[in-house]
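Work through the exercises below with the model open. Try each task before reading its solution.

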Amino acid sequence: MTIHKPTRYPVITCAYGVKGHAWAAGHHTGTDFQGQFGDPVFAVAGGEIIHSGRMHGWGLAYGVHVIIESEGVVQGKLQTLYAHLAHVNLDVVGKGKVKAGDIIGYIGASGNAPTGPHLHLEMRVSPFLYDNKTIDPESVLKLAKPALPIKKVGPKKK
Ligand SMILES: [Zn+2]
């Protein structure tokens, strides 16, 4: 299973698990990547598109978001959410299945994105029993061979 970087020059500005009252869960449930409005967002892993658009999916706070379900990445199924998009790349996402590295959308600040344009990447593993069944996306990105060129700035996980 190929693991692709989510943005062209991945820089993490807020790691998974950082505590704060800004988040309903009390901590950051995904990983934020720096980006300019309109920068491409790549599928980290290939799989089936199970949601795209603003409504439903995992909630309005995520704005325009895409969810991809992948098998063979982790034990069980993996759902990856790409949130706050400016818009979805319908030519690709409309096909219902994507490969790692496909451009699935473009960075924006839709939904609850007070820090401005960025990609919020969130991952959940099966069984999808609870909304907070998230894992640290960095643990999946670390599986890439060769290692992805990811830089980190901003608050560290406490
Ligand atoms: Zn975030």
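**Exercise 1. A salt bridge between a strand and a helix**

Task: Does E138 count as buried or exposed, and at what relative accessibility?

Solution. Start with the source. This is a predicted model, in which local features need pLDDT of at least 70, side-chain atom pairs count only at pLDDT 80 or more, and totals for chains, interfaces and linings use all residues. Residues are numbered from 1 along each chain as its sequence is written, and side-chain values use heavy atoms, with hydrogens and water left out.

Now the residue. E138 counts as buried, at 11% relative accessibility. Buried means under 20% relative accessible area, exposed over 50%, and partly exposed in between (1.4 Å probe, protein chains only).

Next, its partner. K152 forms a salt bridge with E138, and their closest N and O atoms are 2.9 Å apart. K152 lies in strand β11 (residues 151–152) and E138 in helix α2 (residues 137–141), so the pair ties together parts 14 residues apart in sequence. A salt bridge is a side-chain nitrogen of Lys or Arg within 4 Å of a carboxyl oxygen of Asp or Glu. Helices (H or I, at least four residues) and strands (E, at least two) are DSSP runs, numbered from the N terminus. K152 is partly exposed, at 46%.

**Exercise 2. The other salt bridges**

Task: How many salt bridges does a search of the whole structure find?

Solution. The search finds 4 salt bridges. Among them is E69 with K77, at 3.6 Å between the closest N and O atoms. E69 is buried, with a relative accessible area of 16%. K77 is partly exposed at 32%. Another joins the side chains of D102 and K99, at 3.5 Å from N to O. D102 is buried at 17%, and K99 is exposed at 57%.

**Exercise 3. A residue in β2**

Task: What is the relative accessible area of T31?

Solution. T31 lies in strand β2. Its relative accessible area is 0%, so T31 is buried. Look beyond its neighbours within four places in sequence: T31 is in contact (heavy atoms within 4.5 Å) with residues including I12, C14, H120 and E138.

**Exercise 4. Partners of β4**

Task: With which strand does β4 pair over 5 bridges?

Solution. The partner is β5 (residues 64–71), and the sense is antiparallel. Two strands pair if DSSP finds at least two bridges between them. In β5, I67 is the bridge partner of H51. β4 (residues 47–53) also pairs with β7 (residues 97–98), again antiparallel, over 2 bridges. There, G47 has V98 as its bridge partner.
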